[in-house]
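Here are a few exercises to work through with the model open. Try each task before you read its solution.

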Amino acid sequence: MIKILNAALAIVAGVGGMLALFWILNLLVERLPGRWEERIKPYVFIGPAIAIVGLFLVYPAVQTVIFSFADKNSQKWVGFENYTALWDDENFRAALVNNLLWILVVPAASVLVGLLIAVLADRLRPGNEKIAKSVIFMPMAISFVGASTIWRFIYDTRFAEGDEQIGLLSAITTGLGFDPVAWLRLDSWNVNDFLLMVIMIWLQAGFAMVLLSAAVKGVPDDTLEAARIDGANELQIFFRVVVPQIWPTVIVVFTTVLILVMKVFDIVYVMTGGNADTDVVANIFVEEMIEFGDDGRAAAVVVVLMIAVIPVMIYQVRRFRMQEAGR
Amino acid sequence: MARRRRSAIALAGITTTILFTGCLAGEDDEGAGETEDGDGSVEIIGAIPEEEAVGLVKELEAFTEDTGIEVSYTASTDFTTEIRTRVSGGDPPDIALFPQPGLVTDLVDTGDALPLNDLIDTDDLEGHIVPGFLDSVTVDDEVYAVPVRMAAKSLVWYPVPEFEEAGYQVPETWADLEALQEQMRSDGETPWCLGAESGADTGWVYTDWVEEIMLRTAGPDVYDDWTSHEIPFDDDAVVEAVEQFGEIVHTEGNVRGGPDGSLNTPFGESVLPLVEDPPGCFMHRQANFITTFMPEDVQADLPANVGVFVLPGDVEGGFEGTPVLGGGDLAAALVNDSDVVEVMEFLASSDFGAEWAAEGGWLSPSVEFDTSNYATEIDQQIAELVSQADVFRFDGSDLMPAAVGAGTFWDEMVAFVGGEQDAGDAATAIEESWRD
């Protein structure tokens with residue numbers, strides 16, 4: 001009860017306080033002589049937002065960069081030692097490669113699967129389309145950890161003779177007469193990495209489908225009709241007429257999934273703990289920070305990840321600006 | 001254009017201010033400082049799960065009745081994370097029960113753990129704790145933690161009725177053990193149940209095995225050199241111990257489900273085939289806590305169902321004697337007030353644990369502890385076995401820096417059992433990851 005009261009009080013005080021702050025600042029600015037009022041007013045309203053972003057985003061980021069040049073307790077400077085140590089760490093390099101694989105495969109696969117379902121579902125009767133899409137969308141509501149738990153029952157394998165297979169995949173393969181396989185330890189050709197990626201694709205395909213489906217439905221019928229009159233077949237219509245028109249949505253879905261994939265952690269942590277060459281960068285960060293207590297190297301890992309995300313961000317912002325300019 | 005430049009200058013200004021304010025943390029003071037007056041309550045957190053801590057809570061309630069100091073124990077499911085965030089956030093619990101001494105010494109480095117010599121009578125403590133136990137938390141002659149629970153790891157469990165029926169004998173020496181394994185295999189039985197799956201912590205069961213073998217083949221002195229990095233991790237003695245372990249886990253038919261099975265079976269579940277009828281295996285090496293994972297009907301009458309012996313020693317050409325490998329929980333004081341000091345004195349006394357012993361599943365780290373307090377026959381038997389041991393050594397991976405002991409040592413042993421890495425390369429990879 002006290003907690004609820006506290007929360008209510010915090011909301012009232014927080015929102016009210018902000019309102020009061022803006023109101024008072026506004027009042028003060030309005031008393032300034034004409035030209036100055038106009039000059040300062042925008043900063044009065046944008047200022048608190050900038051201050052908050054600075055405090056909670058810029059400051060920690062800068063502090064992280066600083067700590068990445070210090071030792072494990074952030075007490076002594078060590079120069080670039082953390083970075084060279086990371087580079088010499090075979091595990092970290094493998095994690096970089098794995099992250100790259102995730103980035104290459106998961107967004108593309110999510111878009112492809114989502115697009116396929118969107119186009120096919122578009123041809124169903126409206127009632128059936130709703131049901132089909134709901135089922136595909138449902139995994140979106142499951143947390144990564146929950147999804148991993150579900151998929152454990154697909155990849156689980158029992159090796160002792162006489163034990164019944166409770167994992168779906170192993171039940172099928174041993175049922176067909178093959179030997180049991182430790183799926184998540186198949187590290188040749190990164191098979192285990194791909195098995196983990198399937199979980200993420202399963203989770204994200206629904207999201208891709210919803211956006212792409214809306215885009216597909218937004219393609220004007222007269223363009224399709226014009227193509228048909230010109231004698232184009234269905235495949236030609238899809239690739240030459242539909243795809244170019246939904247391309248901006250494809251890019252949005254792709255980059256959104258991409259940014260999510262750069263942060264991949266939970267699935268790997270729960271399923272393999274990074275064993276058998278499945279480590280990813282975020283997992284190494286948690287290991288360094290919490291298990292090994294090495295703040296310096298953990299910070300260096302984050303800086304590397306931060307730098308890796310920058311190109312994607314720049315591309316996103318540019319595209320957004322272009323879109324805005326086109327309007 | 002002019003406006004844009006002005007805002008750029010402003011941004012640069014803000015950034016440099018932040019850069020100058022964001023400096024490094026200073027060195028902390030050494031020593032425990034002045035003891036402040038307590039406020040009548042003491043908070044303890046630890047990694048001992050609630051169901052295992054029932055006895056501890058009873059123990060603490062009895063203490064509260066005697067002294068009037070309220071003591072609370074909270075079990076943390078993610079202890080390492082919680083203690084690190086609370087300490088670095090400036091809100092440490094009064095006392096923390098650490099499952100790994102390495103983590104205590106980490107906090108000694110940052111000045112967060114208090115040296116106990118200033119707070120309690122540590123000479124008395126050293127007098128009655130199992131020899132070797134306190135070395136793991138002693139830095140520059142200062143003791144930083146009090147052992148409150150001991151785990152005996154070198155225990156081999158077996159299904160009593162079937163074991164006797166098959167005519168097997170409890171092995172006395174390592175050679176006996178090898179002969180027994182062979183006999184079981186030729187009888188068409190599986191000697192060992194061995195499961196190492198433990199989520200992100202997968203691998204600790206294997207490192208325990210390697211430590212057991214190190215103690216027996218190379219002896220306690222070399223073992224100490226190994227855990228303190230006096231000898232490199234890829235020393236021949238270590239590689240040989242890993243290979244010896246490989247013979248147990250890689251020999252066809254020696255481990256239930258083979259190496260792949262041991263990698264995929266959760267450690268808690270792996271004991272279950274031992275107590276099935278007929279048993280799926282005849283031996284399982286695991287610490288005394290494993291009884292809590294056995295089915296309830298087995299737990300109800302342990303002595304009739306399972307027997308226990310110490311993993312034999314007396315290796316030919318190795319250490320002459322039977323060592324015991326153990327672990328434990330260690331209480332470190334993080335806040336210095338008079339109530340905390342009183343609780344620490346209580347934890348450090350040899351009488352501590354009478355209530356806990358009555359609950360079962362607990363071993364006292366004190367040699368002066370009255371064994372008649374143990375409620376069950378199995379507990380008394382284990383206490384007896386431990387007291388008969390020629391030497392006691394603390395779990396080696398818990399003594400090594402976390403990057404090795406909770407990192408590469410686990411990972412590389414997993415790769416070794418999985419067949420992706422041979423013993424020599426695994427040891428070299430671990431050696432390269434050792435940060436001093």
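**Exercise 1.** Work out the handedness of the link between B:Cys193 and B:Cys281.

*Solution.* Start with the bond: the sulfurs of B:Cys193 and B:Cys281 sit 1.9 Å apart, and a disulfide is a pair of cysteine sulfur atoms within 2.5 Å. Next, read the angle about the S-S bond, -105°, which makes the link left-handed. Searching the whole structure, over all chains, turns up one disulfide.

A quick word on the ground rules: this is a predicted model, where local features need pLDDT of at least 70, side-chain atom pairs count only at pLDDT 80 or more, and totals for chains, interfaces and linings use all residues. Residues are numbered from 1 along each chain as its sequence is written, chains are lettered from A and ligands numbered from 1 in the order written, and side-chain values use heavy atoms, leaving out hydrogens and water.

**Exercise 2.** Are B:Cys193 and B:Cys281 buried or exposed?

*Solution.* Take the cut-offs: buried is under 20% relative accessible area, exposed over 50%, partly exposed in between (1.4 Å probe, protein chains only). B:Cys193 comes out at 3%, so it's buried. B:Cys281, at 0%, is buried too.

**Exercise 3.** Find where α10 of chain A kinks.

Conventions:
The bend at a residue is the angle between axes fitted to the seven residues ending there and the seven starting there. Helices (H or I, at least four residues) and strands (E, at least two) are DSSP runs, numbered from the N terminus.
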